[in-house]
Amino acid sequence: MKIDQTRLQQARQQYEQIPVPPQLNAKLEQVIAQHPYQKPAAPKKTFYRSLSAIAATCLVACLTILNVNPSIAQAVEHIPLLGTITRVCTVQTWFSQTDNNTISVNQPAVDGSSALSQSINAQIEQFVAQHTAEAQQRLDDYKEAFLATGGTMEEWQQRNLQVNIDYNITCQNDRYLSFVITSIDNWSNAYTDHYYYNIDLQTNHQITLQDILGDDYIAIANASIQQQMQERTAADDTLSYFTADQGGFSTIDAATAFYINQAGNPVIVFEPYTVAPGFMGQQEFEIISK
Amino acid sequence: MQQLYQQLTAFLLADQQHFYRVAYSYCHNPENAMDIVQSAACKALEKYHTIREPQYLKTWFYRILINESLDFLRRNKKEIIAEDFLEEDHHDPLSSQADYLDLYQAILQLPPNIKTIILLHYFEDMTLRQIAEVTQINENTVKSRLYSGLKKLSLILKEDTP
């Protein structure tokens, strides 16, 4: 096959003779001036990944030293800050990636060989195992539905769905250890789950609201929650809480979820949609104990 | 990342005439061509941190530029057809044996997906591999579109013609 290069060359000359307006350069310089170099925010994914990796590495190093050398572990125990950190730590960090969808897990554990810590660790293990399995099931179901409704495998792989199971220590002092384990899907708010642990380090028991607020805890918490709801709706009239008739808040009970904040006060938590419209998200009420 | 930014701004200024001619080949109007180049540059400056390999800077930017041009055509579909209709005296530029001077015009009249390939290959000196990157289509598809374009322009000579 031969191509008529002569005519193509002539056409190219014509193309190259298209006059370029002299204003173009100034316009481009203006655009560039409007976009000066900015240090870009690290992409979220990489950030979490590297953060987890660093955290995991540090913890592995830390745990190795503590486990290998009992005298260091004992010494660390007595350094005020480091001592408390050894009480809750990551025992497992891992990612599972299929089709570019990620399940990432930071599984914590409390230290010590007491019956309480063993039972808590068993609960955590069960929570993590159950949520990982459920997350995988949701991903599989979603994939099946996605492909069945005309999505391609390529598009599916671009979804980059993530399930994160992680924990957060909300209070850690001489008296209390409180932390929450969360399981979050990045594509749906419906699958967010929290699990709260509150431990009294002095008695080595899981604390209840009753322990902190006293026998009147239900009345105290209810009054405080009602008052805070009123304050919030008064301060911002776009907010509203469901009434008791609408299935909203009526009273707390012994099973109501809470964590302990840095100040040592219990914070009662209502999942999205339970006491207020979904857009208001999770609702938290700090109960100041006297 | 700063190095990439400098690379991009240098490239935008150095090759601006190329960008302008590419854009002009789609919109046939100096004002619009400058707008297309400007908004492509804008998008590139906003998104350059997503480039993983600096070596793809050129094909990446041409992709933005071509997309901007095609977007412009989509938005202004009606006007362009009307203009073309007035300017052309019902003479089909793709008819065989279009004369030398008409070849460039004939290229401009090709369907956009074929025009892009001829333009980038013969006027912007891109390899088929690079064009595949710009247009995000398979290299073999690029090749077959290129030949179908050449055929339409009657640029393929029979083996026995000297």
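In the predicted model, strand β9 (residues 266–270) of chain A is joined by four bridges to strand β10 (residues 283–286) of chain A, and the two strands run antiparallel. Within this pairing, V269(A) has E284(A) of β10(A) as its bridge partner. Strand β9(A) is also joined to strand β8 (residues 258–260) of chain A, in this case by three bridges and again in the antiparallel sense. Here F258(A) is bridged to I268(A) of β9(A). The hairpin formed by β8(A) and β9(A) has five residues between the strands, and G264(A) adopts a positive phi near 90° in this hairpin. The side chains along β9(A) alternate between two faces.

In general, the strands of a sheet pair through backbone hydrogen bonds, in either a parallel or an antiparallel arrangement. Strand β3 (residues 101–110) and strand β4 (residues 162–172) of chain A provide a parallel case, with four bridges between them. One of the residues involved is V105(A), whose bridge partner in β4(A) is I165(A).

R138(A) is located in helix α6 of chain A. Because R138(A) has 17 C-beta neighbours inside 10 Å, this residue counts as partly exposed. The C-alpha atom of R138(A) is separated by 10.0 Å from that of V163(A), a residue 25 positions away along the chain.

At the level of the whole chain, chain A contains nine helices and 10 strands. Of its 290 residues, 19% count as buried. Among contacts in chain A between residues at least 6 apart in sequence, those joining residues at least 24 apart account for 49%.

The contact between the two chains takes 24 residues from chain A and 31 residues from chain B. On the side of chain B that touches chain A, the elements giving two or more residues are α1 (2–14), α2 (16–27), α3, α6 (102–108), α7 and β1 (156–157) of chain B. Among these elements, α3(B) gives the most, with eight residues. By class, the residues on this side of chain B divide into 22 nonpolar, six polar and three charged.

Helix α3 (residues 30–47) of chain B packs with helix α2 (residues 23–34) of chain A at an angle of about 25°, and the axes of the two helices are 10 Å apart. As this angle is under 35 degrees, α2(A) and α3(B) are therefore roughly parallel to each other. Their crossing is right-handed. From α2(A), the contact involves Q23(A), L24(A), K27(A), L28(A), V31(A) and I32(A), and from α3(B) it involves M34(B), V37(B), Q38(B), A41(B), C42(B) and L45(B). Nine nonpolar, two polar and one charged residues make up this contact of α2(A) with α3(B).

Two loops of chain B contain residues with a positive phi. Most residues other than glycine have a negative phi. D125(B) is not a glycine, yet has a positive phi of about 55°. This residue is found in the loop between α7 (112–123) and α8 (128–135) of chain B, and D125(B) counts as exposed because it has 10 C-beta neighbours inside 10 Å. Q136(B), likewise not a glycine, has a positive phi of about 60°. Q136(B) lies in the loop between α8 and α9 (139–152) of chain B. With 9 C-beta neighbours inside 10 Å, Q136(B) also counts as exposed.

Note on methods
Residues numbered from 1 in each chain as written. Chains lettered and ligands numbered in written order. Predicted model: local features only at pLDDT ≥ 70, side-chain atom pairs only at ≥ 80, totals over all residues. Axes fitted to C-alpha atoms, helices over the stretch in contact; angles between N-to-C directions. Parallel < 35°, antiparallel > 145°, perpendicular 65-115°, else oblique. Left-handed = near helix turned anticlockwise from the far one by under 90°. Contact = placed C-beta atoms within 7 Å. Nonpolar A, V, L, I, M, F, W, Y, C, P; charged D, E, K, R; others polar. Pairing = 2+ DSSP bridges. Buried ≥ 20, exposed ≤ 12 C-beta atoms within 10 Å, placed from the backbone.
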